Amino acid sequence: MAGNQERQVFDLMDGAVRVWVEQEAIHLIAVERPHLDPVELTGAMAKRLAEALNSMADQLDD
């Protein structure tokens, strides 16, 4: 990634779920802090995450 290119980050739940593209790969973090509990998504949240992942996957295909 070029130094002047801003990384686009998708996040849900105040950053408990974060997804971004870096070094030609999709990176994902999904953990609720401070106890590192699993993240629980509603159906609507899961759909938003799926859309973000599809968009990022399309970027990688280009």
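Leu60 is partly exposed, with 34% relative accessible area; residues count as buried under 20%, as exposed over 50%, and as partly exposed in between (1.4 Å probe, protein chains only). This is a predicted model, in which local features need a pLDDT of at least 70 and side-chain atom pairs count only at pLDDT 80 or more, while totals for chains, interfaces and linings use all residues. Residues are numbered from 1 along each chain as its sequence is written, and side-chain values use heavy atoms, with hydrogens and water left out.

Leu60 belongs to helix H1; helices (H or I, at least four residues) and strands (E, at least two) are DSSP runs, numbered from the N terminus. Not counting residues up to four places away in sequence, Leu60 touches Val21, Glu24, Ala25 and Ile26, where contact means heavy atoms within 4.5 Å. Between Leu60 and Gln23 there are 9.8 Å from C-alpha to C-alpha, although the two are 37 residues apart in sequence. Asp61 is also found in helix H1. With a relative accessible area of 64%, Asp61 is exposed.

## Overall layout

The protein has one helix and three strands, which follow the pattern β-β-β-α along the sequence. Its C-alpha atoms fill a box of roughly 35 × 25 × 15 Å, taken along the principal axes. Of the 62 residues, 18% count as buried. The accessible surface is about 4,900 Å², and 46% of this belongs to carbon and sulfur atoms; these areas come from the Shrake-Rupley method with a 1.4 Å probe, and for residues only the protein chains shown count as cover.

Among contacts between residues at least 6 apart in sequence, 42% join residues at least 24 apart.

Helix H1 covers residues 43-61, which makes 19 residues. From its first C-alpha to its last, H1 reaches 27 Å, close to the 27 Å expected at 1.5 Å a residue; the expected span is 1.5 Å times one less than the number of residues.

The buried residues of H1 are Leu49, Ala52 and Met56. They are on the same side of H1 because they cover an arc of only 65° around the axis, the arc being that of the directions from the helix axis to the C-beta atoms. What covers these buried residues includes strand S1 (9-12), strand S2 (17-22) and strand S3 (25-30). The face of H1 turned away from the buried side carries the exposed residues Ala44, Lys47, Glu51, Asn54 and Asp61.

Met45 is another residue of H1. It is partly exposed, at 23% relative accessibility. Leaving aside neighbours within four places in sequence, Met45 is in contact with Leu12, Met13 and Glu40. Met45 and Leu12 are 33 residues apart in sequence, with 7.6 Å between their C-alpha atoms.

## The nonpolar core

A nonpolar core is a set of buried Ala, Val, Leu, Ile, Met, Phe, Trp, Tyr and Cys residues joined through side-chain atoms within 4.5 Å. The largest one here has eight residues: Phe10, Leu12, Val17, Val19, Val21, Leu49, Ala52 and Met56. At least two residues of this core come from each of S1, S2 and H1.

Val17 touches Phe10, Asp11, Leu12, Ile29, Ala30, Val39, Leu41 and Leu49, not counting residues up to four places away in sequence.

## Backbone details in the loops

Met13 is in the loop between S1 and S2. Its phi is near 55°, a positive value in a residue other than glycine. Met13 is partly exposed, with a relative accessible area of 26%. Gln23, in the loop between S2 and S3, has a positive phi of about 55° although it is not a glycine. Gln23 counts as exposed, at 66% relative accessibility.

Where is Pro34 placed? Pro34 is in the loop between S3 and H1. The peptide bond from Arg33 to Pro34 is cis, with omega near 10°.

## Confidence in the model

The mean pLDDT of the protein is 88, and 90% of its residues reach 70 or more; pLDDT is the predictor's confidence in each residue, from 0 to 100. Over residues 1-5 the pLDDT is below 50, and beyond near neighbours in sequence this stretch has one contact in the model. Where pLDDT is low, the predicted coordinates should not be read in detail.
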